[in-house]
Amino acid sequence: MLAELVQHVVNGLIIGGGYALMGIGLTLIFGIMRVVNFAHGEFYMLGAFLLFSLFGTLGINFFVASLVAIAAVGVAGAVVERVILRPLRGQAMEIPMLATVALSVILQNAAILAWDPSPKTIRHPFSPIPLVLGPIHVVAIRVFAGVAAVALIIGSHFFIQKTRLGKAMRATFQDGEMARLVGVDVDRVYMATFSFGAALAGAAGVLLGSIFWVYPAMGDQAAMKSFAVVIMGGLGDFLGAIVGGLLLGVAESLGAAYISSGYKDAIGFIVIILLLLFRPAGLFGRRDRLR
Amino acid sequence: MKRPPSALVVLAVLAVLPLILDDYYVHLLIMAGIFFLPVAGMNLLLAGGQLTLGHTAFFGIGAYTSGLLALHWGVSPLYGMVIAAALSALVGYLLGKVTLRLRGAYFVLVTIGFAEVIRLIATNWIDLTQGPLGLPGVPPFDLGRASFTLTTKRQYYYLMLVFAALTYALCARLLRSRFGRALVAVRQNESLAESVGVSAYRVTLVAMVVACALAGIGGSYYGHYTMFLSPEVFSFYNTVTMVVMVVGGGQATVAGPAVGAVVFTFLPELLRMAVFYRMLLYGIILLLAVMFMPRGIVDALQRLRRRTPPPLPESTAPPVDALVGGVGAAGRGDTALRVQNVTVRFGGLTAVDDVTFALARSEILALIGPNGAGKTTVFNVITGFLTPTAGRVLADGVDLTRLPPHEVCRHGLVRMFQKASVFPERTALENVTIAGHRLGRAGFWALVFDTEAARREEAALATRARGLLAFTGLADRALEVAGNLSLGEQRLLGLAIALGPGPSVLLLDEPAAGLNPAETQRTMTLIQEIRRQGVSVLLVEHDMKMVMGVSDRIVVLNQGKKIAEGRPVEIQRDPEVIRAYLGSGGGSGEADARA
């Protein structure tokens, strides 16, 4: 019984790592740019499909292909910021939001044309035989995904805390006008933020795409999940997104096992509604703070 | 635009259309009409600055409610529709109650989540909904009796036209009424709206309930028209369609949702020619539309024909006595406002430290002090924008300490903000009319049915607003959009707005900031005139000439503490005040809390 529980928690944490990556990207973009990015799921999908093509079709080394896929999604994010979002800056919140909705329709349908709608798998180079740690069984690709997610989260943390660009991002988050006055290149910060957020979503796509099916509409559910994560953690809260992501992964895994697999995808949102009733500013109750 | 005739022409054209179009196009028009209902509701919410991305949930709740009632219990769809509307409205009310306190992006995300939960319930509650298979055989719509069952597309079309026309009229009324003005005010400047007595929470909640009821009606009709229910109605794609219609058509305009519903019902159909590329093209068109006409089709058209504003009807401005004072909560007792032992701490920083003072009836009291002394913080505490760590604020014996700004306004306290604070996209006249919100008595239904009383009240509010503009010297700028006024004019408009609710206590935060000497002089005269009408004035100001010239008494704050209180001559000689201002204490005032 206990072993089974631990097994579900471990599975949940691994998936939750992917959710956390998605959530961090979304929360940074929202916190700094005040844009709710509805194309976030499509960046996730792009990451998975690029890996599929680079590794599966072109036969490039899996790890190299993963890194290239993530970087490519980051570049796509930078282009989107420059071409679509920058001209819309200063408009009411729903305008850039609607632009990202349009972008999500475009990317999803472009993916259907490029890769056809049928679900695909990525034949990753890991052994399918599960690693056994006491009572827990985990296949190698999941261990890799979990470890990689943790590494990326820690890397992001250092990027934001320690680098010049990361500091500029935090300054812009706190007060965009003030940051501009003290010489922060806000245009550059916005582009970096969107690019970075997109790349994190792409990374989640690379990692979870190696575990699950890859198909053009895969971003829809993933985007829903990241919205849940971001509300749980508090909009714009970096740490909140990590905890929210892991929590959602575990809650889903346990919910599917002990309650109902049909309602698995609803758990995040039910938690949110409860949370709003009791802790309206997110798990940590700190609004408007970037940690 | 001459509204009534053009509305009739449109209605006439719409009535003739099904006679000349074939069934396929009639079907599309019906679908456009069905979508118009929820979209018109979203538009109301959006007028108040709230974007819902879960509106399809209420559409679906409506569809399932009356569909299931008719299918399982033989309830006539007409009654089913009423129940559907009521249920959607109720669910919308509950969701709004939880989420509209947060608003903004939270509201957006929570509504998405809500729709997703409802979709999953509809998919998984197999006993009730047959899950993804859907429910075929939903009875067609009837008018309460089986003998009045709709059978042809044309019949569905004409009934749809009735619903759509009623919805259009309802939304037009609401948007142009006091309620609609309050919504727009919340969207354009929430703090200012709250300060003149508009509860952002209340008005957006009412909009939410109306929007959800409309969605329920649209959904119910949809179910009986297509005679099939499936969890697909809850899909996010449906919501996207609705958002595209409202924003693409022209949000916060009256005609926008209708235009959007028609255009974006037909557009995907026209794109069918593109077969595989259809949705891709749709996305691209959508993106281009957002980029190049972010305010929507209706707004773009209005820009093309460059409307000239209608001339302002001549009216005799009411005497100033009737404008200022008189309307506000009639003062009792000698003390208008009492601030008792107020302390405010931000983290470890004490911005206001145990401050006590009282404002006498019809007094002009100035609150001065070096930068960071805590003056604006005190203002924020008094007007309900900030809850103090300790202490109380009393007006006429009523404890205001924990009341939100719009309630504080109800007790007759209104502030003018430090920065130029107006509703930037509305005319000066509309700005001041909005500020009269609190004086309106007409309820929601009176506004909807445009009763005689509501109309008289509306006229009275407009007259009053014109009078206040005349009083502040802005009469000839009444039809200028507030954002286009000069800074000085915007400050005067801010004063007119603050007088809008008919305050008994007026709080002015640096009214002379950014004004030239002539404007400062005029403001001083106005303040004295306002006081002469029996309004008590609390003034924060740096311009010492103004402070010394206009105030009866002065309270001096330094580093959050009250260091002196007295008549201007006394204050000018007070050694501690001089020290605070000349900074022999070491200029630490600058390092203090920036209030």
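**Figure 1. Strands S8(B) and S9(B) run parallel to each other and are joined by 4 bridges.** This view, like those that follow, shows a predicted model. Across the pair, Arg415(B) has Leu507(B) of S9(B) as its bridge partner. S9(B) also runs parallel to S10(B), to which 5 bridges join it. One of the residue pairs there is Leu508(B) with Leu539(B), the latter in S10(B).

**Figure 2. Strand S9(B) has 5 of its 5 residues buried.** The strand is therefore largely enclosed by the rest of the structure. In a regular strand, side chains alternate between the two faces of the sheet. Here, Val505(B), Leu507(B) and Asp509(B) point one way from S9(B), while Leu506(B) and Leu508(B) point the other way. The residues on both sides are all buried.

**Figure 3. An open sheet in chain B is formed by 6 strands in the order S8-S9-S10-S5-S11-S12.** Pairing within the sheet is mixed. At its edges stand strand S8 (413-416) and strand S12 (561-566) of chain B. Each of these has a single partner strand, so one side of each is left without a neighbour in the sheet. From one strand to the next, the twist averages 20°. Strand S5 (residues 364-368) and strand S10 (residues 536-540) of chain B are paired in the parallel sense over 4 bridges. In this pair, Leu365(B) has Leu538(B) of S10(B) as its bridge partner.

**Figure 4. Chain B is divided into domain 1 (20-235) and domain 2 (323-591).** Taken over C-alpha atoms, the centres of these domains of chain B are separated by 42 Å. The contact between them involves 20 residues of domain 1 of chain B and 29 residues of domain 2 of chain B. On the domain 1 side, the elements giving two or more residues are helix H7 (153-176), helix H8 (178-188) and helix H9 (190-195) of chain B. H8(B) gives the most to this side, with 7 residues. By class, the domain 1 side has 10 nonpolar, 6 polar and 4 charged residues.

**Figure 5. The contact of chain A with chain B takes 35 residues from chain A and 31 residues from chain B.** On the chain A side, two or more residues come from each of helix H4 (94-115), helix H9 (218-233) and helix H11 (267-278) of chain A. H4(A) gives the most to this side, with 12 residues. The chain A side is made up of 29 nonpolar, 3 polar and 3 charged residues.

**Figure 6. Chain A has 11 helices and 2 strands.** Along the sequence, their pattern is α-α-α-α-β-β-α-α-α-α-α-α-α. The C-alpha trace of chain A spans about 55 × 50 × 35 Å along its principal axes. Its radius of gyration is 19 Å, which agrees with the value near 19 Å for a compact globule with 291 residues. Of the 291 residues in chain A, 53% are buried. Among contacts in chain A between residues at least 6 apart in sequence, 77% join residues at least 24 apart.

Terms used:
Residues are numbered from 1 along each chain as its sequence is written. Chains are lettered from A and ligands numbered from 1 in the order in which they are written. This is a predicted model: local features need pLDDT of at least 70, side-chain atom pairs count only at pLDDT 80 or more; totals for chains, interfaces and linings use all residues. The radius of gyration is taken over C-alpha atoms; the globule rule is 2.2 Å times the number of residues to the power 0.38. A residue is buried if 20 or more other C-beta atoms lie within 10 Å of its own, exposed if 12 or fewer, and partly exposed in between; C-beta atoms are placed from the backbone. Two residues are in contact if their C-beta atoms, placed from the backbone, lie within 7 Å. Domain bounds come from an automatic or database domain assignment. Ala, Val, Leu, Ile, Met, Phe, Trp, Tyr, Cys and Pro count as nonpolar, Asp, Glu, Lys and Arg as charged, and the others, Gly among them, as polar. Two strands pair if DSSP finds at least two bridges between them. Axes are lines fitted to C-alpha atoms, for helices over the stretch in contact, and angles run from 0 to 180 degrees between N-to-C directions.
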